[in-house]
Each structure stands twice: as C-alpha cells, then as structure tokens.
Amino acid sequence: MGQFKMPSLGADMESGTLTRWLVGPGDQVHRGDVVAVVDTEKSTLEVEVFETGVVDRLLVAEGAEVPVGTPLAVIGAAVGGPVPPAPPAPAPPAPAAAAPAPPAAAPPAPAAAGVAIGPAIPTSTRPALVASPMVRRLAGRLGVDLALVRGSAPGGRITRHDVEAAAGRPPGAPARPFIRSSPRARRLAAERGLDLAAVAGTGPGGAVTVLDVECAGPAAPPPAPAVPAGTGPAVAATQLTGAASQMTGATTRTTGAAPAAGPVEDRQAAMRRAIGALMARSKREVPHYYLSTTADMGPAADWLTRTNLDRPVASRLIMPALLLKAVARAVATVPEMNGSMVDGSFVPAPAVHLGVAISLRGGGLIAPAIHDADRLALGDLMGALRDLVSRARAGRLRSSEMSDPTITVTNLGDLGVESVFGVIYPPQVALVGFGRVAERPWAENGMLGVRPCTTVTLSADHRASDGHRGGLFLTQIAELLRKPEEL
C-alpha cells in the first residue's frame, strides 16, 4: 500500500484545502489521473496521482485544510484489495468485490479544521464506484453524486443512462449545456440550492464565479434589487495567447443586503501575501545578478508574417511562442540556467519545463509549466500555450504544472513595458523577461536603419552561474530569434 499525500504545488505553498474528491474507495487509478481538486491561496488545481493501483480508503474529508505532505488517501496494489468488478483474474474471491450497496446515509460533513489520519472516511459510507472517466465527468456536469447511483451494467458498473436517470431526465435526451465554473462556485451553488444555468457568469468565456453565485443569493426568496457599485479597474494581463493582450477585471457587484466582494478580496489579499512572502524570501536568500541585451526582431517578425499566410486562423503563431521556444532552446547551450537549488547546491534539470508567468483576472500571478518545451514543435508549443493560459484563468490547472517548472519566462511587452527585471522564483535559478517589440535605431555593417527590437533581461542566481554564463545565455536567445526558421 502507498499513501497519496497533499503535494507541494509551489515553493510558497504550506497547506491546501481539499475541495473535492474525484474518486472513491474501490476506484482503479493510473499514474497521471486527476483524483482530487485542491484550493490554494493562488488557484484551484486538479491534483494527479503518481502511482497505479486501487483506492483503498480516503483519509481526509472534502473541505478540510491540510498541510503539505499530509496523507490524503491510501492506494493499494492493483491486484488484491477492493478491485472494481472487471473481468475477474485468477484470484480468490473477496467479499469486497460484491456489487455496490444501496444508497445509504449521506457522507459525513466536511471537517472544518484539523486532519484525520487513518480511516476518517470509512469505506462503508461510500460504496465502490465503478464508472468510466466519461461517466464521472457527466455526473459532475449534471450534479449527480455517483455514490448514490446504483449501476445497472454487469458488476454494478454505472453507465451514462444511470447518471441521466438520476439527474431526472430521459436517457439519451440532449444534455444540458456545460456551465463553465470553478469547483468552489459549483460547491457553493450546491450548498445554496442554486442552478448554475440560471446564474449569469462574469468570468472568462461566461464562466460562473464564486462572486456570481454569492450575488445570486438564495434560490427561494427573490433577491433585493442589485445596486451597481461600478466597474473594477482594468487588470493588466501578461499576454501569451493569440486571442487578446489584456483582460478586464471582473465587475464588482453587491446586493442590497451586504457587499459580496469580501471573499474575492480575501482571496486576492491572500494571494498577494503569498507572492510577497515568497519574493521577499527570494530577494533575501538568493544572490541575484541582472543582465540585459537588445534583440533584433526583424527576422522573426518577417518569418511570422510569411508562415501565418499558409496557416488557418486558429493555428497561427504569435511572437510570444517564438520567445518561449528561443529560451527553451538556449538552455541547451547554458544548462546552468535550468534547474533548482537543493540544500545549497545546484541540481540541473533533466528536461526543460518552461514556467510561463500568467496574470489572473482580478489580480495575482501564477507561473505554471509547459513540459518539455524544448522538444515541442513550434505549432505544438503554441497550442500548449493557449491551453495553459485558458485553464489557468479558468482555475483548471494540474498539480504537476505548478510543482515542477525549471525556468520561468515573463513577458510584459504587450503592456508597453520596455523591460522587466523579475525576481527569481525559488528553487529555480533563473528568470527571463521580455519587453515590447518596438522600432528602434539599429546599426549593422556600417549602416544605420530602423528595426523592430526587444529588450531581453535575465535575473539569475550567482550560486548556479555567473555574469559570463548569463551573457552567453542572453546572446544565444538573441541569435536564435534571428533564425526563427530553425526554432
């Protein structure tokens, strides 16, 4: 048996709130499967399991806040224990393989504080769930608790028709449109008895936020007339997608009874405190040095224009993708920039997991990773970038994307910033910044002209490298950007 523990999703994370289990006792899990949703001070993350087996029991109830490293569940071996009823392998029969019991009492209420280590959630209170990932996703969309659904397929397996019947609509009927919302918003809506379909979303792409649910109020009595409190200031966003370069802060709304922005303000304040504490630690403990250079972006701009003429609109490339690819490739020349400080010693990373600084709606910053960025083709890197930014702003990041960046890139060029000297995100040892691409005087081969240029900056850890190696790194980035066809 192995323990699935609360992972560390960043150097500044000390604890997290387990908001939702996506598996139950008896479920088969594979390495990389998303098994839980965890809420941190910065974001809501989907947490993956790193071993294959069967969930034996859950140790922490939904809603409990637990420190990093706390055991959350026990994962048993795939053979033996409460294996879900599939085609049976030659093994002695076990009572645990029986069909799920009829619906029993509701699961125990989430623990308000503290952590129960051991069988805090007995397996008898939550029958083994035998359902495919597609069926589990459908249940989540329809608000159906699979623990209360009796499976009609052989071996007690829960089917799509079982979930549709439990949701109160005829099997095969068109599914209700998927309502984009954060896990916290869905949980709050369920507690208040609200239908998310009836709540107007103000988040990205019309997603329903916690603030929207709070403003909707109780379902029974009509809410008091809303008193608009104005529109929040536009929040400048670090733009790394091809859709837009800025996004606007969510509109602050209040009801006639009391302001509803308190929880959002608390979340933002907590995020600012966490970021501030980590950056103060970085400046205090990491011996930074800073370098900058100016890169000629003329060849890159011309190449992008020619290349995009032959691409569909949805798959066209943008300049930030070239910048990211150049950084990922330059690491091969100067590997001292890619890795972590562990117990005072530099440990080079075996792969380039490129952290991308992304600003969140309403404020705050996170830097999830694009894995193996140096090995991705430019088109694939562009797709990964779009996907990462959209999921980051919708609160659907995975734990692995937050826990293992090896070098971070920040780009404030779309905001008109000339240059940015960032603070290293521990335990990483380097951060690359890009300013805006603007026309500047450029002398080459004795001729003076005007070229599109950008300022590339490096913040690096003197314990892992020095100014000479940092200079080589910046020069390599600039050279790669002059040969975009080779990226």
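## Close-up views of contacts in a predicted model

View 1. At 28% relative accessibility, Arg-482 counts as partly exposed (buried means under 20% relative accessible area, exposed over 50%, and partly exposed in between, with a 1.4 Å probe and protein chains only). This is a predicted model, in which local features need pLDDT of at least 70 and side-chain atom pairs count only at pLDDT 80 or more, while totals for chains, interfaces and linings use all residues. Residues are numbered from 1 along each chain as its sequence is written, and side-chain values use heavy atoms, leaving out hydrogens and water. Asp-296, by contrast, is buried, at 2%. Arg-482 and Asp-296 form a salt bridge whose closest N and O atoms are 3.1 Å apart (the rule asks for a side-chain nitrogen of Lys or Arg within 4 Å of a carboxyl oxygen of Asp or Glu). Arg-482 lies in the segment after helix H10 (467-481) and Asp-296 in strand E11, so this pair ties together parts 186 residues apart in sequence. Helices (H or I, at least four residues) and strands (E, at least two) are DSSP runs, numbered from the N terminus.

**View 2. Glu-401 pairs with Arg-391.** Here the closest N and O atoms of the salt bridge are 2.5 Å apart. Glu-401 sits in helix H9 (residues 399-403) and Arg-391 in helix H8 (residues 378-394), so parts ten residues apart in sequence are tied together. Glu-401 is buried at 10%, and Arg-391 is buried at 12%.

**View 3. A salt-bridge network.** Shared partners join Asp-296, Glu-444, Arg-451 and Arg-482 into one network. In total, the count comes to 13 salt bridges.

View 4. Strand E21 (residues 438-444) pairs with strand E22 (residues 447-461) in the antiparallel sense, over seven bridges (two strands pair if DSSP finds at least two bridges between them). Look for Arg-440, whose bridge partner in E22 is Arg-451. Two residues stand between the strands of this hairpin, and Asn-445 takes a positive phi near 55°.

**View 5. Tyr-290 and Phe-421, an aromatic pair.** The structure holds two aromatic pairs. The ring centres of Tyr-290 and Phe-421 are 6.1 Å apart and the planes meet at 80°, so the pair is edge-to-face. Rings of Phe, Tyr and Trp (its six-membered ring) pair if their centres lie within 6.5 Å; planes under 30 degrees apart count as stacked, over 60 as edge-to-face and the rest as tilted. Tyr-290 is partly exposed at 36%, and Phe-421 is partly exposed at 42%.
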